[in-house]
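Here is a short briefing on a two-chain model. Keep the sequence and the 3D view open as you read.

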Amino acid sequence: MKARSILYLVLIYGFLYVPVVLLVMFSFNRSKLNAVWTGFTFEWYGRLLHNGAVLDAAKNSLIVAAVSTVVATMIGTLAAVGMYRYHFRGKTVLDGLLYTVIIIPEIVMGIALLAFFALAGVPLGIFTLIAAHITFCIPFVAVIVRARLAGFDRSLEEAALDLGASEWQTFRHVTLPIIMPGIMAGALLAFTLSIDDVIISFFVAGPAGTTLPLKIYSMVKFGVTPEINALSTMMLLLTLTLVVIAERIRLRK
Amino acid sequence: MKKFGPVWTISPVALWIAVFFSVPLGLVLFVSFMTRGLYGGIEYTFTLDNYVRFFDPLYGKILWESVLVAACTTSLCLLFGYPFAYIVARSPRKYRNLLLLLIVIPFWTNSLIRTYAWIVLLRTEGVLNTALMKLGLIAEPLPMLYNDGAVLVGLAYTLFPFMVLPLYASIEKLDPAYLEAAGDLGAKPWQTFMHVTLPLTAPGIVAGSLLVFVPTLGLFFIPDLMGGSKSMLIGNLIKNQFLSARDWPFGSAVSIVLMALTLLMIAVYAKTAGNDRDGVI
């Protein structure tokens, strides 16, 4: 690579990473001011553990992410298998709807669900959050599993059937193991999307369902504090772990 | 496999999407033609007023400014993202996965946290101002936050990876043999770029632009947190109609306009890129 190219890469990666690295650094800073380094401390992390509202938000986030991931992965995987295998009436419509869910501005989906829950008389909270998160996760799982199915040799299934396996056995022992990496990648993606979501959650959470990003949002509105840095750092760490696992699964195929 | 048939695989997704996506969207469309009630509720009388209000200069201006900001964000991301994606796609194979991972990580990182990182950097008592004052380069803090420039930086920073990933995908697919051929036939480097590279990577450019343009319109928290008191984009307008002004019919109409704008752009995309929708994500 030319020196010019390397310099350009360094500049852009610097632009991408320096703000985040500073944020992480100041989460360990003794001064409250978030501007000058004065010494190392874990104090802000300790404070988070005694902050009831933050712990509640963390609990909500994990419950919502876990439940939505499981449900969205099941529905999305079934959808991918069904759409790969069968032709049925309305397939194009369903396909188009799934892509619309992905591409629609999140704010429109947020207010649509808010209006829906309000007019249906469903009180906002964990339940509405989970329903919303399942909805925006399903298409991502379906797309990823379908991409995995597209590269799949159908004669393997036929061979299993010819050798006397039942349809369920064929699915369980041939199809499922082959598409498993796709399902895992889809589930990890769903979990990340759910745990990071701000905009849709903002509308459907209600006072009872504050999640971590929503908690960060309301904290940032009141000003910059090292506790926010500490909380952000922990969320970054979680995302980083999930991304690295997802990439390893992706590269293994 | 007839037993494990379409019914069992397709009904859950069809039912779920119908109830939690199609019905709510239909509802927004319906409410956008209703009248606002006296105390912020919805009165079920048909009206076109909510759409007519867009011709009010105040709201027309918000719509226009939002499109302008989205266009600026998209251009910035494309201008800096294209050479970047090109270098990464043409880098030695052994580094490429690492370089790509370094773009994927910000892609998945919470956009709110990334916005907060810039607030820490730019605010009056922030890292940059403190450093510049210590160095004696400025006497008092520069007003770097709470203006339109800050909103633009925040948006471009948040959405940059969404531009780079599709660009990378289309540049990586480009066969270098075409470029060599153009060169052998006497094309100058910029001619090769304009007539070979650019057209062949157009799907990536359009997909990336779409992935930046559309979310820009809806990311209400960046203007909220980084913009001045007057920073109002279409996302903030929708949010305010639903939460503070309690004018759901008008908020719904704005959402429908935003949705129409989005679908229009996707139609343009589908036309330029054929029907290769897998490239969108």
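Chain B has 13 helices and two strands. Helices (H or I, at least four residues) and strands (E, at least two) are DSSP runs, numbered from the N terminus. The model is predicted: local features need pLDDT of at least 70, side-chain atom pairs count only at pLDDT 80 or more, and totals for chains, interfaces and linings use all residues. Residues are numbered from 1 along each chain as its sequence is written, while chains are lettered from A and ligands numbered from 1 in the order in which they are written.

**The two chains**

- Along its principal axes, the C-alpha trace of chain B spans about 75 × 70 × 40 Å.
- Chain B has 281 residues, and 41% of them count as buried. A residue is buried if 20 or more other C-beta atoms lie within 10 Å of its own, exposed if 12 or fewer, and partly exposed in between; C-beta atoms are placed from the backbone.
- In chain B, 70% of the contacts between residues at least 6 apart in sequence join residues at least 24 apart. Two residues are in contact if their C-beta atoms, placed from the backbone, lie within 7 Å.
- Chain A comes to 11 helices and zero strands.
- The C-alpha atoms of chain A fill a box of roughly 70 × 60 × 30 Å, taken along the principal axes.
- Chain A has 253 residues, and buried residues make up 47% of them.
- Of the contacts in chain A with a separation of 6 or more, 81% are between residues 24 or more positions apart.

**Where the chains meet**

- Chain A brings 67 residues to the contact, and chain B brings 69 residues.
- Several helices of chain A give two or more residues to the side that touches chain B, among them helix 3 (52-85), helix 6 (126-150) and helix 8 (167-196).
- Helix 1 of chain A supplies the largest share of that side, 11 residues.
- The residues on this side of chain A divide into 55 nonpolar, eight polar and four charged. Here Ala, Val, Leu, Ile, Met, Phe, Trp, Tyr, Cys and Pro count as nonpolar, Asp, Glu, Lys and Arg as charged, and the others, Gly among them, as polar.

**Helix 5 of chain B**

- Helix 5 of chain B (residues 111-122) has 12 residues, and at 1.5 Å a residue it should span 16 Å. The expected span is 1.5 Å times one less than the number of residues. The end C-alpha atoms of this helix are 17 Å apart, which agrees.
- Helix 5 of chain B is mostly covered, with 12 of its 12 residues buried. They include B:Arg114, B:Tyr116 and B:Trp118.
- What covers these buried residues includes helix 1, helix 10 and helix 11 of chain A. From chain B, the cover includes helix 6 (127-134), helix 7 (148-173) and helix 11 (221-226).

- B:Tyr146 sits in the loop between helix 6 and helix 7 of chain B. Its phi is near 65°, a positive value in a residue other than glycine.
- B:Arg246 lies in the loop between helix 12 and helix 13 (248-272) of chain B. B:Arg246 has a positive phi of about 50° although it is not a glycine. With 14 C-beta neighbours inside 10 Å, B:Arg246 counts as partly exposed.
- B:Asn240 belongs to helix 12 (residues 234-243) of chain B. B:Asn240 has 17 C-beta neighbours inside 10 Å, so it counts as partly exposed. B:Asn240 and B:Gly251 are 11 residues apart in sequence and 8.0 Å apart in space, C-alpha to C-alpha.
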